[in-house]
Amino acid sequence: MSTGKLIRNVESNVFDYKHLAIKRINCQFDNGKTKTSFRASLLAEKDKRITLMLTKLNIPVGRLWLTPDSVKFINYLEKTYFIDDYKYLSSVLGFDLNFAAIHAIISNDAFPLRDENNEMENREYESGIDSGMYVLESVKKMKSPKDKRKTDDKRRIRKSKINPAEVPVRQILYIDPESYKIRKIRMEDSVNSRFLNIGFSDFTDVEKQIYPGEISLHFVSPETNVQLSIRLSGFSMEEENEIGFRVPGNFTRINTN
């Protein structure tokens, strides 16, 4: 199958919704030092907002509000909150992250394959077959030699992490040959030895569409090895009452910079 046709098939089979609620989310977290479990629920309005509520033993732990231009989080245990853009989350993960990317994960979609003008982004794609699934691979084009020298200078001066936007990141998508649903996403930043795997499985019927009942994330870097296993149920596409961002008066704002 040609690369263009494969991309069109993936895009036409993306989980489509105006409103989405996932009422039961069970999470298992392991970073090599700490293992914990917690529960969550999610409310999303397409292209506008995503709200995630976190609980442990039925006690509110935190709430996360995402919009196209902001990230807001309240930590009920530590009585703190922050308001920021996506730079902080990107720095934590070591990959460029924005609302569109998070929305794509929720929609069981690839990170955007085309720009607003419906043209191919600044990437080159190759298609193939591996382990009985279609595969799409893309790599952001390398920066010009002049830009690369600037990056090298910064590296020598700071001797710290390279800005994710300054290095090529390889994206590999594994696609089910019957449903054209994405089964796995792999992001590779070989320069900084950072890798992210996202797996989708146990697809279930949700109002004449199918949605993954399990999502796994595994992020590896020289400093971090994090695994997150997520089990989802209780789906609804009915509009729910929006949960507003309200900070208790005695909570402290923290600086994420």
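Me: What does phenylalanine 245 count as, at 25% relative accessibility?
Reply: The structure is a predicted model. A residue is buried under 20% relative accessible area and exposed over 50%. The value of 25% for phenylalanine 245 falls in between, so this residue counts as partly exposed.

Me: Which kind of aromatic pair do tryptophan 65 and phenylalanine 245 form?
Reply: The structure holds eight aromatic pairs. In the pair of tryptophan 65 and phenylalanine 245, the ring centres lie 5.0 Å apart and the planes stand at 85°. Planes over 60 degrees apart have their own class, so this pair is edge-to-face.

Me: How many residues apart in the chain are tryptophan 65 and phenylalanine 245?
Reply: Tryptophan 65 belongs to strand β4, which covers residues 59-67. Phenylalanine 245 sits in the loop between β13 (225-236) and β14 (252-253). The pair thus links distant parts of the chain, and the separation is 180 residues.

Me: Is tryptophan 65 buried or exposed?
Reply: The cut-off for a buried residue is under 20% relative accessible area. Tryptophan 65 has a relative accessibility of 8%, so this residue counts as buried.

Me: Why is helix α3 described as largely enclosed by the rest of the structure, and which residues of α3 are buried?
Reply: Helix α3 spans residues 99-106. Six of its eight residues are buried, and therefore the helix is largely enclosed by the rest of the structure. The buried residues are Phe99, Ala101, Ile102, His103, Ala104 and Ile106.

Me: Which strands do the buried residues of α3 pack against?
Reply: The protein chain has four helices and 14 strands. Several strands meet the buried residues of α3. They are β1 (19-30), β2 (35-45), β3 (49-56), β4 and β12 (209-220).

Me: Where is alanine 104 found, and what is the separation of its C-alpha atom from that of phenylalanine 15?
Reply: Alanine 104 is found in helix α3. With 4% relative accessibility, alanine 104 counts as buried. Along the chain, alanine 104 and phenylalanine 15 are 89 residues apart, yet their C-alpha atoms are separated by 9.4 Å.

Me: Within what distance does a side-chain oxygen of asparagine 98 reach the backbone nitrogen of alanine 100, and which phi does asparagine 108 take?
Reply: Asparagine 98 makes its approach at the start of α3, where the oxygen comes to within 3.2 Å of that nitrogen.

Me: Which residues touch the most other members of the largest nonpolar core?
Reply: In soluble globular proteins, nonpolar side chains tend to be buried together. Here the largest nonpolar core has 45 residues.

Me: What is the relative accessible area of threonine 51?
Reply: Threonine 51 has its place in strand β3. Beyond residues up to four places away in sequence, threonine 51 touches Ser41, Leu42, Leu43, Leu64 and Trp65. Threonine 51 is buried, with a relative accessible area of 2%.

Me: Which residues do ring pairs link into a cluster?
Reply: This structure holds eight aromatic pairs. Ring pairs link four named residues into a cluster: Phe15, Tyr17, Tyr211 and Phe235.

Definitions and conventions:
Residues are numbered from 1 along each chain as its sequence is written. This is a predicted model: local features need pLDDT of at least 70, side-chain atom pairs count only at pLDDT 80 or more; totals for chains, interfaces and linings use all residues. Side-chain values use heavy atoms; hydrogens and water are left out. Rings of Phe, Tyr and Trp (its six-membered ring) pair if their centres lie within 6.5 Å; planes under 30 degrees apart count as stacked, over 60 as edge-to-face and the rest as tilted. Helices (H or I, at least four residues) and strands (E, at least two) are DSSP runs, numbered from the N terminus. Buried means under 20% relative accessible area, exposed over 50%, partly exposed in between (1.4 Å probe, protein chains only). Contact means heavy atoms within 4.5 Å. A polar contact is a pair of N or O atoms within 3.5 Å; within protein, one must be able to donate a hydrogen and the other to accept it, and residues adjacent in sequence count only if both atoms are side-chain atoms. A nonpolar core is a set of buried Ala, Val, Leu, Ile, Met, Phe, Trp, Tyr and Cys residues joined through side-chain atoms within 4.5 Å.
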